[in-house]
Amino acid sequence: MEQNERYSFNSNDLLFKIYLHKKPLIIVSAVAFVVSIIVSLQMTPLYESSVVVFPAPSAPVGNIVSTSNTIKKESVFGEVKEAEQILQVLNSEEIRNRIITKFNLWEHYEIDSAKVNSPLNKMNKLYKKRIQAKRTTYGAVEIRVLDADPKMAATLANTITNMIDTVMNHMEKARAREAFAIAKKEYDSRVAYLTSLEDSLQMIMQKGVVDFESQAYALNQAYGEALASGNTRGAAAIRQQLDTLARYGSTYISLRDFLEYQKEQLSILTSRYREAEVEAHNILTHFYVVERASVADHKTKPQRAVIVVVSTFATFIFTFLVLVFVEFFKDLRRREQEVRNKDTRE
């Protein structure tokens with residue numbers, strides 16, 4: 001029973017402990033309050049500007065302009081894949097280097113590469129801290145920029161947004177131009193081959209083979225009638241034409257049918273060639289801007305009141321815990337000493 005009472009603890013005990021140590025708690029908390037105010041006043045105020053964009057669908061440009069393809073109405077905006085692609089580009093080294101160079105962030109962030117250890121590492125950390133991109137709840141991408149200059153924050157956010165298309169098109173167009181070059185080479189080769197087939201067919205047609213099936217039917221009928229009427233001269237002339245058909249007929253049929261097949265293949269190749277040409281020379285945006293960045297009229301960080309309150313309260317709690325532990329260990333040592341004295345007397 002005594003043991004339970006000995007270790008019982010309630011709110012009155014807590015208030016008593018605070019009252020018992022009120023003097024050091026008040027002094028330390030007051031010091032923390034003053035120090036946190038001084039520190040917060042020395043912090044550089046940062047202003048935030050943000051841009052919200054929705055990703056565009058990733059359908060190829062050639063498919064969009066082709067009459068043989070239709071775009072579904074529900075594909076006005078891109079999905080998770082397109083949003084992740086934009087995020088990858090926004091967090092890429094290429095955009096980071098472009099922004100650092102364009103706005104001379106070394107000077108703007110006051111990083112002296114000659115005096116700072118690992119200046120590039122420091123720049124990258126500060127860049128990632130000040131410039132962030134993330135997906136929103138509704139599938140859009142938000143670009144947030146913090147800067148001591150509100151105009152600079154808005155300019156950085158809008159410029160980074162404009163660079164999305166620049167970087168993505170640079171990557172896509174390099175591949176699209178290679179694909180177009182291959183498609184053009186194949187297309188030109190097929191056209192040249194068809195021209196040679198048409199020339200060969202034209203040579204046979206100049207021999208008198210224009211339409212093998214209808215000519216063969218008509219000549220055979222005329223030949224039979226000439227023989228039946230005793231027209232030997234006419235029959236001989238018709239026979240010469242039949243010999244010409246027999247000599248070049250199979251070649252004519254083969255070339256004609258093969259040429260028809262090749263024209264069908266050329267039609268398919270032409271469609272691919274046109275799509276590749278559009279992909280290589282035309283540009284579509286990869287996003288739709290929902291909200292452009294504007295110049296902020298109030299700072300975002302630091303929230304001085306929050307810093308002062310949190311710092312003072314945290315210091316108060318920490319000091320109180322330290323005092324309680326100190327008192328606890330003193331009590332343990334006192335009890336240990338009492339036990340030793342009791343053992344000595346016995």
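Which strands does helix α8 (residues 119–130) lie across, and at what angle does α8 run to β2? In this predicted model, local features need pLDDT of at least 70 and side-chain atom pairs count only at pLDDT 80 or more, whereas totals for chains, interfaces and linings use all residues. Residues are numbered from 1 along each chain as its sequence is written, and side-chain values use heavy atoms, with hydrogens and water left out.

Helix α8 lies across β2 and β3 and runs at about 50° to β2. Helices (H or I, at least four residues) and strands (E, at least two) are DSSP runs numbered from the N terminus; angles run from 0 to 180 degrees between N-to-C directions, with axes fitted to C-alpha atoms, for helices over the stretch in contact. α9 packs on the sheet, where it touches β1, β2, β3 and β4 (contact: heavy atoms within 4.5 Å), and its direction makes about 20° with that of β1.

The sheet is open, with four strands in the order β2-β3-β1-β4 and antiparallel pairing (pairing requires at least two DSSP bridges between two strands). Its edge strands, β2 (131–135) and β4 (287–291), each pair on one side only. Strands β1 (residues 47–55) and β3 (residues 141–147) are antiparallel and joined by seven bridges; S50 stands opposite R144 in β3.

Helices α6 (residues 93–102) and α9 (residues 150–206) pack at about 130°, with axes 10 Å apart. In α6, E94, I95, R98, I99 and K102 meet L156, T159, I160, M163, T166, V167 and H170 of α9.
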